[in-house]
Amino acid sequence: MLQMFFCIRFQTQLQRTKPELIATLEHTVSEAIKTAGGEVMWEGHRISALFKEDSPGFWLDILVMLETILAILEKVSPELYGYTVILGQDLSGEMDSYLLNAMPANSPGTEIWCSPPVQKVLTPYMVFDAPLNGTDSLEEGYAQVNHIRTFSDTNGERTYPLQKKIEAGLKEGSARNVLLTGPEYMGKGDGLYRFCLSKFKNPLVIRFGLGGTGLCCFSDAVNSGIRSWLSNHIEDPILEELDWLGALLFRERFQHEYPNYIIQKGRRFLNLLSDVYIKAAEADGGTPVFILENLQAVDAVVGNLFIDLYQSFPHKKALRVYGTWSLGTQDDYHAIKLWEPIFPRILSLEPELIPEGISSGINSGIPVPLLSEMPLDLWELAYAMGLFLHYFPASLLMSLFEEAGKNAPVIRRAFSLLSYFGIIDFIDEPRMRMRDLIKKAETILGERKNPICLLVRKRLLDWVQAEKLRPSFTMLKALFNLGWEGTDAFILRALQMDIIHETFGEIEKALEDGSFDRIAGKARAPILRPLYKTSKVLIYGGEKEIREAFFEPDPEEVSIPEYETQIQLNRANYLLSVKDLPAAVTMVKKSIILIQGQRDQLGLAQAYRLFTLASFSSQRMSDAVDYSFFAIENAKRNQDSRELALIYFYAAEVQFLIGNIFKAEFFVREAEEAALNAGRLEWVERIRFFAGRLRFETGLYQEALTIFESIQNNLSGYKRAAAGEALAVWIYRTNMYLQNYAAEKPEILLGEGLFFQLEAAYLIGDYERAVKYSELLLDVLEDQKFLFTEQPDWDGAYAQGELFMIPKSEFFSRIGSVFRALALCRLKPAGEENKQEAIRIIRRVIQDERLFSTDPNDAFYFYAYYLILKESGAAEIDMNTAISIAFKRLQRRANQIDNIETKRSFLSLHYWNNALYLAAREHKLI
């Protein structure tokens, strides 16, 4: 442990005569010690300090501390009678007092004295006088710091031998966009960047392979300087959107797979950035310039995205694009051809033209010290920097080190020294200039690399905790390579996030090559493999795949509570899907007991959601409402957007089924926002469809049609085919209610499609065809034996929640029978037999004990009974009774709506409700 002592000669006298001077001096010294990580102790009239030597770059902290102390001492020394600073290790007893008194006073040097071990580590930074050769062994070997070495800050002064060659090459020819190729580590990026800085204002630098290779590289380009400049030229809403999109892409920086949602957002970000950047550059009287560095490293999907967007840029004639490509294999030439739409000209920098010393791995044009002379603490910081640059943009290096506990002056000093030693360039946004830096540093540091790995992985985990990074299997691999074995909860969360975001390619690859067990841990892997399979298949699998996955028994003796909880929740999902309600409820209850013993309680929202489904499957709507609110509260607490989207969706259906359409619409809006935040486009489409359904139920048919057609024109979820079929039949149905009778009929003749054609035939007065379709419908009806809980079910496009409450065959049999009865009594001639059959059919429907008030069509069924009685010439009292019951049911449902405008629309604009309302007025019920 390093110790330090600081003493001012005749301090008692000076405190009387110059108290402010002494106070300032002591404050500066103590603060410098604290900044360097030292513990300050006041002992009489001197300051002592203890330092732990285990932090990366520790001696650089000491260097900066001594520079700070020396600067204030040199400033005030004319007013002092002398001072002494001593640095040593393992000093004890009265040794410190002896040394402070024994050291020569008013010597010509700095009066900073160091023990031999301290001299050894500080020699690279300082020049020492000859050591003392005193009579006492305690003084032996102590030496005074003569002066601190001056290292030339080469940033901005370094010569760039390729810059002139690049400038000359770019002046040749007429092509505006040029791609520079050549071997790596030869200074292409240095030279091109310096050239652009000398010619253009604010070039936008997009660097691939430095902190990422994907969409995040575009958002990384908007560093604090570029953002500040852009903010002077664009409106706040656009800047806010750029910030939001940039944060979204930043969170995905570990990914090499991109779901459609992220690609769409990346496209939007790049379009928006290009537009505002070009306008800002032109407003400043400059030329907009993109620099694309290391294009050989870009992800293929991202590269193609940029090429496609560039070709559609409206202002591309005003834009210049320069790129660099480090050649490695013959395949590079084929890959480069893909970029011809952007770069019609390639400038090749041949190896033989490169100045001596550059191709060796350090692309510096000036002599640099031997790497063997670089201190170990600088190697530590260089290693940390190299690791950080695997995962973060260079513009964040300073803040990352500060978050890790390193003070800014130390890091700036480190960057300056690393530039001096030829390791980095551009001190503001450093780039490595040395090939295989990581491997070389690991060799030199040995076990000393472990604290640096800990420092970097802690930053990664802290950024995950702050939701700046999304956990994933690729991140888990990175953390594993940094020496982290993971926690049970984090590993499960990483797998779940990849499943939810459709980025599970790396997981599948690891399962195939056997690395999954090593990364996840041999004890966890046997549980996680089947758990991953069931979690994935619940979201993306068909009925057959789900049944096969759950045919396998769950793992036995699961000792990890988080895993056991998720296993039970998955099993409960499956049991709800196959309509084994009692077993599902039992499983959910077990999972809740397990969750209550866990700190984060991450599965609680899902458990309450499953209780919501179970409740309205049992027609316990009050319980369903309560559980949906519990689920929402817990999902909000854990900021789980995907779970929140599903909960809001099912909560909206609960409210719809009990009649509160206004609250259902509110929950639908919340569900859509949560689904968008989670990037779940397939749920966004299903939620928007339900929003259209609610518009339809309130008689706003044109608004409903607009919603349905908008979804149909922009389908992008993985259930596009099923969604397209469902939307086609609903678009047709809505057109019928808008009296657009020439609308195209859907080709689907099963389920909803066939029913809607039956309904349409009745609406346009083709009663014979309506009767024919009703016979077909009743013949083909099948019960839906499997329900989906974790994925949108377009096969039940009437309303997913209704299918949990009433079997599909029963639902369509009931409403199909009603329209059959209506059509039968309107045939020309109807005949007494048809009328009596119609009455028998409708009475079976309204007397069915399974008919319940939460059926959205219950008032319609009794109104249909009234119409049939009227067509059959029934007695007035019977018709009055039928219309009275129908109107009371309509009023009861309307009274659930807690918004006057929505209620008015529901009663007056809905086709059947309005007809019922008018009939009730005719019968003097209003």
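This is a predicted model: local features need pLDDT of at least 70, side-chain atom pairs count only at pLDDT 80 or more; totals for chains, interfaces and linings use all residues.
1. Helices α30 and α31. Two packed helices are described by the angle between their axes and the distance between the axes. Helix α30 covers residues 661-678 and helix α31 covers residues 681-697; their axes come within 9 Å and cross at roughly 160°. Because angles over 145 degrees count as roughly antiparallel, α30 is roughly antiparallel to α31. The crossing of this pair is left-handed. On the α30 side the contact involves Ile661, Ala664, Glu665, Val668, Ala671, Glu672, Ala675 and Leu676. On the α31 side, the residues in contact include Trp683, Ile687, Phe690, Leu694 and Glu697. By class, the contact of α30 with α31 holds twelve nonpolar and five charged residues, with no polar ones.

2. Helices α39 and α40. The axes of α39 and α40 come within 8 Å, with a crossing angle of roughly 160°. These two helices are therefore roughly antiparallel to each other. Their crossing is left-handed. From α39, the contact includes Phe862, Tyr863, Tyr865, Tyr866 and Leu869. From α40, Met879, Ile883, Ile885 and Leu890 are among the residues in contact. The residues of the contact of α39 with α40 fall into twelve nonpolar, no polar and five charged.

3. Helices α41 and α42. Here the axes of α41 (residues 900-908) and α42 (residues 911-922) come within 5 Å and cross at roughly 80°. Because angles of 65 to 115 degrees count as roughly perpendicular, α41 is roughly perpendicular to α42. Phe906, Leu907 and Ser908 of α41 make the contact with Asn913, Asn914 and Tyr917 of α42. This contact between α41 and α42 has three nonpolar residues, three polar residues and no charged ones.

4. The largest cavity. Rolling a probe the size of a water molecule over the atoms shows where empty space is left. The count of cavities of 30 Å³ or more comes to five, and the largest cavity contains about 270 Å³ of space. Which residues are closest to the centre of the largest cavity? They are Glu697, Pro856, Asn857, Phe860 and His910, out of 24 residues in the lining. At least two lining residues come from each of α31, α33 (720-737), α37 (808-824), α39 (858-871), α40 (876-894) and α42. The lining of the largest cavity comprises 14 nonpolar, three polar and seven charged residues.

5. By class, the lining of the second largest pocket has 18 nonpolar, 17 polar and 14 charged residues.

6. Backbone details. The peptide bond from lysine 828 to proline 829 is cis, with omega near -10°. Proline 829 is located in the loop between α37 and α38 (831-846). Glutamate 467 is not a glycine, yet has a positive phi of about 65°. Glutamate 467 lies in the loop between α18 and α19.

How values were computed
Residues are numbered from 1 along each chain as its sequence is written. Side-chain values use heavy atoms; hydrogens and water are left out. Axes are lines fitted to C-alpha atoms, for helices over the stretch in contact, and angles run from 0 to 180 degrees between N-to-C directions. Helices (H or I, at least four residues) and strands (E, at least two) are DSSP runs, numbered from the N terminus. Angles under 35 degrees count as roughly parallel, over 145 as roughly antiparallel, 65 to 115 as roughly perpendicular and the rest as oblique. Contact means heavy atoms within 4.5 Å. Ala, Val, Leu, Ile, Met, Phe, Trp, Tyr, Cys and Pro count as nonpolar, Asp, Glu, Lys and Arg as charged, and the others, Gly among them, as polar. A crossing is left-handed if the near helix is turned anticlockwise from the far one by less than a right angle, and right-handed if clockwise. On a 1 Å grid over the protein atoms alone, a cavity is a set of points where a 1.4 Å probe fits but cannot get out, and a pocket is an open set with protein on both sides within 12 Å along at least five of seven lines; lining residues have an atom within 4 Å of a point. Grid points are joined across faces, edges and corners, and a volume is the space filled by probe spheres set on the points.
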